[in-house]
Amino acid sequence: MVKMNILKNRSLKEHNTFGIDAKAKYYIEIKDIETLKALARNELQQLPYLILGGGSNLLFGGDFDGLVVKIDLKGKRAYEKNNHVILEASAGENWHETVLYSLDKGLNGLENLSLIPGTVGAAPIQNIGAYGVELKDIFETLEAFNIQTGEIEHFSKEECQFDYRYSTFKGPDKGRYIILKVFFRLHRNPVFTINYGSLNALLQNEKGLLNARKVSEAVIKIRQSKLPNPEEIGNAGSFFKNPVITLGYYEQLKREYPEVPGYKVNEEYIKVPAGWLIEKNGWKGKRFGHVGVHAKQALVLVNYGGASGEELIHLSKEIQAGVMEEFRIHLEPEVTIIK
Ligand code: FAD
Ligand code: EPU
């Protein structure tokens with residue numbers, strides 16, 4: 001018999017970086033596969049459930065009337081395979097500590113993704129990305145638990161269907177799997193991605209002397225200069241995705257706003273920074289009671305303390321309406337809203 005430690009009416013305040021004081025009707029921490037298998041045979045078939053990592057990409061609109069399953073599986077190792085190195089990490093490992101572990105081993109590939117909050121298991125869900133690199137660029141495979149069948153399955157890069165802030169786990173396979181382990185394909189040769197404007201500027205004088213740790217440190221410096229630390233001010237990073245619009249519409253916008261930035265996706269589409277649209281629409285640095293728009297990054301909504309999920313959802317809708325009215329562009333939330 002597997003012993004289940006299911007807690008009742010547990011506050012989630014310490015389990016979401018927005019710091020929303022929502023409650024879970026039931027809550028369990030998973031530290032081994034046997035407990036997960038037992039849970040999948042019973043509770044997960046009967047109750048609404050939410051799989052939780054570090055809670056850094058979630059917004060609780062209210063209490064969760066079901067079972068919150070916090071993934072706390074631990075373990076990581078690195079080993080040689082052909083001409084590269086595989087880093088294998090369990091879902092409950094902290095993401096940034098995993099990046100630092102790879103740097104300690106002299107491995108290259110994860111440095112641009114330094115200081116992203118959360119866990120390894122959540123990283124493939126939205127194909128985390130920053131400073132010119134996405135998880136898919138260093139992804140080898142993953143191991144996931146099928147909640148219906150109780151089987152462990154492997155997903156190749158193609159099967160994950162990675163795209164900008166997207167994977168099959170946000171699409172057709174939403175809610176069907178629990179990611180157990182992720183395998184990264186890293187390398188020892190010094191090839192770095194430093195095209196991203198602000199990163200390139202910071203590393204200008206380091207070109208011949210570059211190493212993964214220097215890239216990581218530069219990324220950390222940039223992030224700390226504009227993103228609020230969730231331990232100080234509640235937030236979940238970018239609240240919205242950067243919208244992708246047609247080049248034709250972009251040209252039209254440019255006639256009215258010649259300075260509108262854009263990054264070409266392909267011959268047809270271009271990505272416009274949501275932060276620019278929100279700032280231009282007048283929201284940057286504004287505070288409304290407990291909630292507001294960060295003064296150094298307009299794409300980040302914040303909880304100054306004591307906010308409810310509803311207050312943040314209300315603010316996000318007002319911003320969407322303002323941007324729609326001024327630019328005719330829909331902003332889609334990047335954060336997962338749990339209602
Ligand atoms: P959670 O918020 O707990 O969960 C996110 C989603 O994944 C939920 O749908 C959850 O059900 C699901 N999930 C979690 N674990 C598992 C699992 N093991 N199996 C199946 N499903 C699971 N993101 C970026 O991409 N780039 C950034 O630069 C970035 N910067 C950020 C900066 C700040 C200050 C903050 C607060 C957030 C930032 N984020 C960024 C968002 C966030 O860090 C990532 O989305 C991260 O991967 C979320 O990890 P988590 O463990 O906290 O996931
Ligand atoms: N901008 C403004 N005003 C602002 C913020 C941004 O005008 O207040 C414009 C500027 O033109 C700036 C551009 O937007 O040059 C890009 O800004 P930044 O480099 O800060 O990146 P971002 O597009 O706002 C994205 C990701 C971040 C990721 C960074 C770095 C999304 C939704 N967000 O933000 O990811 O860290 O790039 O790669 O794609 C997250 O997903 O939570 C997240 C923080």
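Colleague: How many Å lie between a polar side-chain atom of Glu334 and an oxygen atom of ligand 2?

Modeller: The Glu334 side chain puts a polar atom 2.4 Å from that ligand 2 oxygen. It is a polar contact, meaning a pair of N or O atoms within 3.5 Å; within protein, one must be able to donate a hydrogen and the other to accept it, and residues adjacent in sequence count only if both atoms are side-chain atoms. This is a predicted model, where local features need pLDDT of at least 70, side-chain atom pairs count only at pLDDT 80 or more, and totals for chains, interfaces and linings use all residues. Residues are numbered from 1 along each chain as its sequence is written, chains are lettered from A and ligands numbered from 1 in the order in which they are written, and side-chain values use heavy atoms, with hydrogens and water left out.

Colleague: Where does Glu334 lie in the chain?

Modeller: In the loop between helix H9 (309-327) and strand E20 (336-338). Helices (H or I, at least four residues) and strands (E, at least two) are DSSP runs, numbered from the N terminus.

Colleague: Buried or exposed?

Modeller: Glu334 is buried, because its relative accessible area is 6%. The cut-offs: buried is under 20% relative accessible area, exposed is over 50%, and partly exposed is in between, with a 1.4 Å probe and protein chains only.

Colleague: Which side chain does Glu334 join in a polar contact?

Modeller: Arg165, at 2.9 Å. Arg165 has its place in the loop between helix H4 (157-160) and E12. At 14% relative accessibility Arg165 also counts as buried. Its phi is near 50°, a positive value for a residue other than glycine. Most residues other than glycine have a negative phi.

Colleague: Back to the ligand. Which residues come nearest to ligand 2?

Modeller: Tyr131, Tyr164, Tyr196, Glu279 and Glu334, out of 23 around it. A residue is near if one of its heavy atoms lies within 4 Å. Tyr164 has a polar side-chain atom 2.7 Å from a ligand 2 oxygen. For Glu279, a side-chain N or O atom is 2.7 Å from a nitrogen atom of ligand 2.

Colleague: How much of the accessible area of ligand 2 does the protein cover?

Modeller: 82% of the 820 Å² that ligand 2 has on its own. Areas come from the Shrake-Rupley method with a 1.4 Å probe; for residues, only the protein chains shown count as cover.

Colleague: Which elements give two or more residues to that shell?

Modeller: Helix H6 (212-226), strand E13 (234-238) and helix H8 (274-280). H8 gives the largest share, 3 residues.

Colleague: And which domains does the shell around ligand 2 draw on?

Modeller: At least three residues come from each of domain 2 (76-226) and domain 3 (234-338). Those bounds come from an automatic or database domain assignment.

Colleague: How do the shell residues of ligand 2 divide?

Modeller: 11 nonpolar, 5 polar and 7 charged. Nonpolar is Ala, Val, Leu, Ile, Met, Phe, Trp, Tyr, Cys and Pro; charged is Asp, Glu, Lys and Arg; the others, Gly among them, are polar.

Colleague: Switching to ligand 1. How do its shell residues divide?

Modeller: 18 nonpolar, 13 polar and 2 charged. Of the 33 residues around ligand 1, Ile51, Gly54, Ser56, Thr119 and Arg223 come nearest.

Colleague: Which N or O atom of Ile51 lies 2.6 Å from ligand 1, backbone or side chain?

Modeller: A backbone one, facing an oxygen atom of ligand 1. Ser56 uses a side-chain N or O atom, 2.6 Å from a ligand 1 oxygen. Arg223 has a side-chain N or O atom 2.7 Å from a ligand 1 nitrogen. The protein covers 92% of the 990 Å² of accessible area that ligand 1 has on its own.

Colleague: Which strands supply at least two residues of the shell around ligand 1?

Modeller: E3 (49-52), E8 (129-130), E12 (177-186) and E13.

Colleague: Now Asn127. Where is it found?

Modeller: In the loop between H3 and E8. Asn127 has a positive phi near 50°. It counts as buried, because its relative accessibility is 0%.

Colleague: Overall fold: how many helices and strands in the protein chain?

Modeller: 9 helices and 20 strands. Buried residues make up 49% of the 339.
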